Amino acid sequence: KDHSSALLELRDVGKYFGGLKAVDHVNISVNEGDLHCLIGPNGAGKSTIFKMVMGVYKPTMGSIYFKNKNITNLKSWDRVRQGVSIKMQIPGVFGELTVYENMKIAAQRYYRHSELKNKILEICDLLGITHLRDEIVNNLSHGQQQWLEIGMSLASDPELLLLDEPAAGMGPEETNFTAELIRKLNQKGITILFIDHDMDFVKKIARKVTVLHFGKTFAEGSVEEIESNQDVVDIYLGK
Ligand code: ADP
Ligand code: MG
């Protein structure tokens, strides 16, 4: 296939659930190193796009390219090995285990025993949860659990990290910390595609925004372009 600078490319991708076109003829390019946001009302198809990128759902049509390789038919595990990782919308942590034990479950397949502990502590440090490493996860705040899950998705050293509503349900302080964390991960060289529907949060960190509406790309551009796009304001931001 023709070369492109995009790390991830969705070409004419669609996902139909029976008669419902959850995602319809979508083209998205995520450039290497970018901090790219998918925004749109509830039910617009955002999470479905992530699931297709991860290989949880098979597209009804179209192709997905990662590093110019067609990954449309790869198993999820092979996509992770290629460098894609995700933090899902619904947290998937083990509540009865400690922070460290959760991290260990996520990281042990990627590291030798001798490097495992250092790697886990390095990630906990990045997340600001080192002091909680022996805490039972059910005792953590909602925000701390979300950060732990981001940490678990970092265990595979991804080149592309997908974050589905990383600040959902957080108060202002936790939201700010999450924004900082995402920026920091991006500065470390991880390309990030995240989903959110809070424009204030998106404005803080995104460099490129794709607006989704009823399964289709409605608009795309910089935060400034999206904010000043009257059509976007009408369907979405104006509320
Ligand atoms: P968003 O993340 O933008 O809120 P989703 O991608 O979760 O939206 O959902 C898009 C549409 O697809 C919604 O109408 C949703 O009900 C539908 N949908 C998602 N997953 C399934 C599924 N497994 N089966 C049937 N419909 C689904
Ligand atoms: Mg969703």
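Colleague: What makes strand 9 (residues 208–213) and strand 10 (residues 216–221) a pair?

Modeller: Two strands pair if DSSP finds at least two bridges between them. Strand 9 and strand 10 are joined by five bridges, so they qualify, and they run antiparallel. For example, Val211 has Ala219 in strand 10 as its bridge partner. Keep in mind that this is a predicted model, where local features need pLDDT of at least 70, side-chain atom pairs count only at pLDDT 80 or more, and totals for chains, interfaces and linings use all residues. Residues are numbered from 1 along each chain as its sequence is written, while chains are lettered from A and ligands numbered from 1 in the order in which they are written.

Colleague: What lies between strand 9 and strand 10?

Modeller: A turn: the two strands form a hairpin with two residues between them, and Phe214 in that turn has a positive phi of about 50°.

Colleague: Which strands make up the open sheet with mixed pairing, and in what order?

Modeller: Six strands, ordered 6-7-8-3-9-10. Strand 6 (84–87) and strand 10 each have a single partner strand, so one side of each has no neighbour in the sheet; that puts them at the edges. From one strand to the next, the twist averages 20°. Helix 5 (residues 142–154) packs on this sheet, touching strand 6 and strand 7, and its direction makes about 165° with that of strand 6.

Colleague: What is the strand order in the antiparallel open sheet?

Modeller: Four strands, in the order 2-1-4-5. Strand 2 and strand 5 have one partner strand each, so they are the edges. Inside the sheet, five bridges join strand 1 (residues 6–17) to strand 4 (residues 61–66), with Leu10 bridged to Ile64 in strand 4.

Colleague: How do helix 3 (residues 99–107) and helix 4 (residues 113–127) pack, and at what angle?

Modeller: At about 115°, with their axes 10 Å apart. Axes are lines fitted to C-alpha atoms, for helices over the stretch in contact, and angles run from 0 to 180 degrees between N-to-C directions.

Colleague: How do you know which residues of helix 3 and helix 4 meet?

Modeller: Contact requires C-beta atoms, placed from the backbone, within 7 Å. Val99, Tyr100, Met103, Lys104 and Ala107 in helix 3 meet Leu116, Lys119, Ile120, Ile123 and Cys124 in helix 4. By class that is eight nonpolar, no polar and two charged. Nonpolar covers Ala, Val, Leu, Ile, Met, Phe, Trp, Tyr, Cys and Pro; Asp, Glu, Lys and Arg are charged; the others, Gly among them, are polar. The two lysines are therefore the charged ones.

Colleague: Which residues surround ligand 1?

Modeller: Membership takes a C-beta atom, placed from the backbone, within 6 Å. Phe17, Leu20, Ala22, Gly40, Asn42, Gly43, Ala44, Gly45, Lys46, Ser47 and Thr48 surround ligand 1. Helix 1 gives the largest share of this shell, three residues. By class the shell has four nonpolar, six polar and one charged residues.
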